[in-house]
Every structure is written in C-alpha cells, then in structure tokens.
Amino acid sequence: MDPTLRRAAVLGHPIGHSKSPLLHRAAYAFLGFACSYEAIDLTAEEAAAFAASLRGQPAWTGLSVTMPLKAVLVSAMDRTDCRVAALGVLNTVTFSHGADGTVLTGHNTDVDGILGALRRAGAPEHPRAVVLGAGGTACAAVAALAELGSPRVQVCARRFPAPSPGNAGVREAGERMGVSVSARGWDEAAAACAEADVVISTLPPHGADALAQELRGIVPGSILLDVAYDPWPSMLAQAWSAHGGRVAAGIEMLLYQAVEQVKLFTTDAFFDEPGVTNAMCDAVGIPRR
C-alpha cells in the first residue's frame, strides 16, 4: 500500500446498501486528499475488537459508524465530544497518532445531518416535534430538535430501551440537551404525527410502513424527515406527501453529516465547503445546493 495513502471506512451491519463510500470518495477526489474509503460489515460483538486493532496503524484517519454500532463503540473511545457525552451514541471516530500512541475520539455528526436536512426543507424554529423510534439516531434527533428550540419532543416507539453504560437512552438524552421528552406508545404514533410541525422517523427501512397506512391527516405543510433512504421513497414519505406535507429525504441527512465527517477526517486539507458538498451531491444524484 502507498505509505502516503490514508484510510477511512464505514462500519455497520448490514452495510452493503450504504452510500457513504460514494459521498466520501467524491469529497476526497475533489479535495485531492489521498484516502481510501471502504464499507466494513461488523456486528456489535466484533466492533470494539476491530477498533482496538486499528491502534498503531497510522494510515487510519477516520471511521463512519452506523447501526447497530453507535452505542457499543462509545466504550472503545479514549475521548468523546460533548454531544457523545450527553447522548451516549456516536457516528464518527477520528484517530490522533502520536509518540504516546493512538487516541480514538468519538463524535456525533448525526445532529448536524438532521439539522441540515430539516433547515433545507424549511423547518420552523420551536416546532412541535415527534420522533419515531427510540434508538441511537433518535437520541441525535432529540438533540437536533433541541437546537431548533423545540420545548418538548414526543417520542413514539414500540419499546424504550433502558439506559445502559455508554447509552443514555432517549429520555435521558433529552434531559441533558435541555428538552423535555414525552414517551408515547406506538399505537399513538398516527395521532401524534397529525399534530406535529416536524416528524423525524429514525426507523429502519419499512419500519413505518404500517403507520403510513394509518395516517388520516397532518398539519398542512408539516415536515417529515425519514432517515431511511433505501428504498426511496418510503411508504411513509409517500403518504406524507399525499396528505400535503413536505418530505426531507434521508439522503439529505446522510449528506450533511458526511460533510462534517470529511472535515474531521481531512483536517487542514479541507477547503471550499460548497464545492465539497456539490461534489458529494453529484455522486449520489441529488440536486446541488
């Protein structure tokens, strides 16, 4: 391998559908940053050992992290940023190689991705908000809504995992971010969505298909962000549009969180954010900004 070539990857299970390699490779080509980027399939049981195996390998500059690894990798970090400390979930790992060894730092750029997608869709400040799901991405959604000024977020889920080491849990994450989280059962999801200005679905593909059929009305012009981008459009996105709402595609969230990851992975080599963003848009076939 070329000793000047950096390495980065996206970790998750399953991972074959991920568009992160397209986004990152396009960004590195635009920047002239010599860095490979691959997709690596890892289960939760394998993740910590894999991260540890990268210590002492100076080519590594960063990892993108997706489900089901966002909480389990927190305990493998040497440092975490303030968001990870508050939420108990990460989606990004950076490497700092020095004389004393390698330092792994966990970051959460999912919050940036959600905010970018919602603002591009025209989300209002202080929205009445609903989050579907109660996992790691739901924690990031609550944090993003807190930054938008939502006074209270309703979270609808089939179950609410208990907080565990490294994972704050969605209600506790809300408290730490200064927003009240109200837990509602899944049978109340359609009613909650009907009253919201912003709904964020953090469910896996097809996870909201049944809910799509239950929708009977929504607030005119309300916004749905469905983070599941493959297949697209989802049944929920189609139903939302049919009821007169606006839809932010999950690929928009992926784009904006990836821009922040590229900044972290390339450090001083990063320049021209609009140019990088448009190169990434071209790579996945979405409109330029």
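Leaving aside neighbours within four places in sequence, leucine 145 is in contact with Leu118, Pro127, Ala129, Val131, Ser150, Val153, Val198 and Ile200; contact means heavy atoms within 4.5 Å. This is a predicted model, where local features need pLDDT of at least 70 and side-chain atom pairs count only at pLDDT 80 or more, while totals for chains, interfaces and linings use all residues. Residues are numbered from 1 along each chain as its sequence is written, and side-chain values use heavy atoms, with hydrogens and water left out.

Now the core. The largest nonpolar core has 36 residues, and Ile114, Leu118, Leu145 and Ile200 have the most contacts inside it. A nonpolar core here is a set of buried Ala, Val, Leu, Ile, Met, Phe, Trp, Tyr and Cys residues joined through side-chain atoms within 4.5 Å. Buried is under 20% relative accessible area, exposed over 50%, partly exposed in between, with a 1.4 Å probe and protein chains only. Helix H5 gives this core the most, nine residues. Helices (H or I, at least four residues) and strands (E, at least two) are DSSP runs numbered from the N terminus.

Next, isoleucine 200, in strand S10. Isoleucine 200 counts as buried because its relative accessibility is 0%. Its contacts, again leaving aside neighbours within four places in sequence, include Ile114, Leu118, Leu145 and Leu225.

A polar atom of its side chain lies 2.7 Å from the backbone oxygen of leucine 132.

Technical notes. Polar contact = N/O pair within 3.5 Å; in protein donor to acceptor, adjacent residues only side chain to side chain.
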